[in-house]
Amino acid sequence: MKYVIGVSAYYHDSSACLFKDGKLVFACEEEKFTGIKHDSSFPNKTIDHIFKTYKIGKENIGAVCYYEDPELKLKRVKQNIKENFLSAPLYSIQSYIKIKKNISNLKKNLGRVSDNVFYSKHHLSHQYYSFFTSDFKRATCLSVDGVGEYETASVGFANGQEIETITVSDYPHSIGLYYSAMTSFLGFKPNEGEYKVMGLASYGDPNVYLDKVRELIRFKNGGVKCNLKYFTWNKSNKIMFNSELVEHLGIQPRLPEEPIIATHENLAASIQKVYEEVFFDLLKAISYIDDTGNICLSGGCAYNGSANGKIISNTSFKKLWIPVAPSDAGSSIGACVHYLVKNKQLFERVTQNPFLGPLYYYKEIVKLLSNGKYHMFRSENKLRAYVAKKIHEGKVVGWFEGHCEFGARALGNRSILADPTKEGMKDRINKLIKKRENFRPFAPMVTVDDQDKYFIMENEIPYMNQIVQVKSEYKDVLKAVTHVDGTARVQSVHKHTNMYRLLKEFEKLSGYPILLNTSFNIKDKTMVLTPKDALNTFYNTNLDILIIENFLIYK
């Protein structure tokens, strides 16, 4: 047996994966083991779990693959220091010390996994992951995020086994860093709160600050260009913008504890609109040199569901693929794919199954439940009928089964489920269970064969990474999952899955094969990984019922 391990680390969303005989068998983010959101540390706990679960060690690992080229990244840091040392000496020294320390630690940690180390490149890892999890024989692969080694956006042309790439923009010009800086301006944490800006945007009027925000970034001469007069991400590790941005916008930055007002909603709307303008200018430019009609999207910006949902209707591309974990976490897989393709060891496409994390067994669960109140269902049909009935009655259910999802979205194995038609359900879950901002939306999961009845969709959306319009006749019915602008972040659920069968059971009672689905966690906490995590969250929130496999737990 040949094992290959992939690693992503030292920026955000560290992860590790395992390929066995050319097949992906495991992938998980380090944050799910440590409980630290967007954990950037080397994924030691994830790798320890791989070694323990698969009963392997260093001697069994044919190669360890890292998602980018650290020496190339060091060159970029040195170049940035030369350009900014006089204006930002402390930052320059700190950035140099940090990357040298990371490279030293990286070499030691990778050496503990395997003596054969393969370094991919940042955007190539993104593109190999997106293309080789798709069904396309040929495709254009667009990778857009904050920064890799030098590149911040790259386009690749995939034909069979090879991907040829072209740089779209280099650091410090970055559509991802623009969005993160504006996320910080609105009082949210960069590399974490971008989806909050996207959610907030639907409440505002984009025209209020549109002209001013357009001056911050543009697509020009085939590349992304930021107005660096207003931004400091290349000169500071503490703040991403300066006082000139404050003066330009005529708004004070929002502090995290301050209330959100109409000004913030309008600014968020302008930020999102300008992002989409630049993004679609970029897509239009690459479509001129594409003749496949297929687009694979990756990088952290591929989580911008509002833009993603408009790609097919606003470009010449006919089919879109976004993998389950398009940001840096998924690049541990992409680095392995790059290695395996290069060495002619990948004989089939990489699985699209998102349930790649740890699995917990009956004995572990029973031991945890020994002191609590629970009931064990012998029949899965009876379990689903019971849960559907309780959800229809207005109960909110924590649902835990099988392997944990890979990626940022709960797709049915670590989910909180509720009736999307209930009045006040959105506010109840935000306030009493998730304990987060009340503007935050929830997503509907819908059976794939019924999705077009309720939503305006071009294709299936298995990973909840596109926002689409709810059909007008259902906007007032699906209250808890329809955003203020009449949209929803849909998840298509396929047949022959437990969640599909639960949706059909709920349809018998409600008339709708749709459930509200949100990740099984509370604000600022990671998604639950273990049965113990699920129990702790259950007892510390207002969840009504907890299902762990075929066990019903109640308070």
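Over the face of which ring does Arg414 lie, and at what distance from the ring centre? In this predicted model, local features require pLDDT of at least 70 and side-chain atom pairs count only at pLDDT 80 or more, whereas totals for chains, interfaces and linings use all residues. Residues are numbered from 1 along each chain as its sequence is written, and side-chain values use heavy atoms, with hydrogens and water left out.

Arg414 lies over the face of Phe400, at 3.7 Å from the ring centre, where a charge is taken to sit over a ring if NZ of Lys or CZ of Arg is within 6 Å of the ring centre and within 35 degrees of the ring normal. Lys73 is likewise placed over the face of Tyr11, at 5.3 Å from the ring centre.

Tyr11 also belongs to the lining of the second largest pocket, where Tyr11, Tyr91, Lys98, Asn191 and Asn237 lie nearest the centre among 36 lining residues. A pocket is here an open set of points on a 1 Å grid where a 1.4 Å probe fits, with protein on both sides within 12 Å along at least five of seven lines, and lining residues have an atom within 4 Å of a point. The space in this second largest pocket is about 1200 Å³, the volume being that filled by probe spheres set on the points. Helix H4 (89-113), together with helix H3 (70-84) and helix H6 (175-185), supplies at least two residues of the lining, and H4 gives the most, with 8 residues; helices are DSSP runs (H or I) of at least four residues, and strands (E) of at least two.

Aromatic pairs, defined by ring centres within 6.5 Å (planes under 30 degrees apart stacked, over 60 edge-to-face, the rest tilted), number 22. Trp321 and Tyr463 form an edge-to-face pair, 5.7 Å centre to centre with 70° between the planes. This pair links distant parts of the chain, 142 residues apart, with Trp321 in strand E12 (residues 319-321) and Tyr463 in the loop between strand E17 (455-456) and strand E18 (467-470). Both Trp321 and Tyr463 are buried, that is, under 20% relative accessible area, with exposed meaning over 50% and partly exposed in between (1.4 Å probe, protein chains only). The pair of Phe377 and Tyr386 is tilted, because the ring centres are 5.6 Å apart and the planes stand at 45°. Phe377 counts as buried at 11% relative accessibility, whereas Tyr386, at 27%, counts as partly exposed.

Technical notes: Rings of Phe, Tyr and Trp (its six-membered ring) pair if their centres lie within 6.5 Å; planes under 30 degrees apart count as stacked, over 60 as edge-to-face and the rest as tilted.
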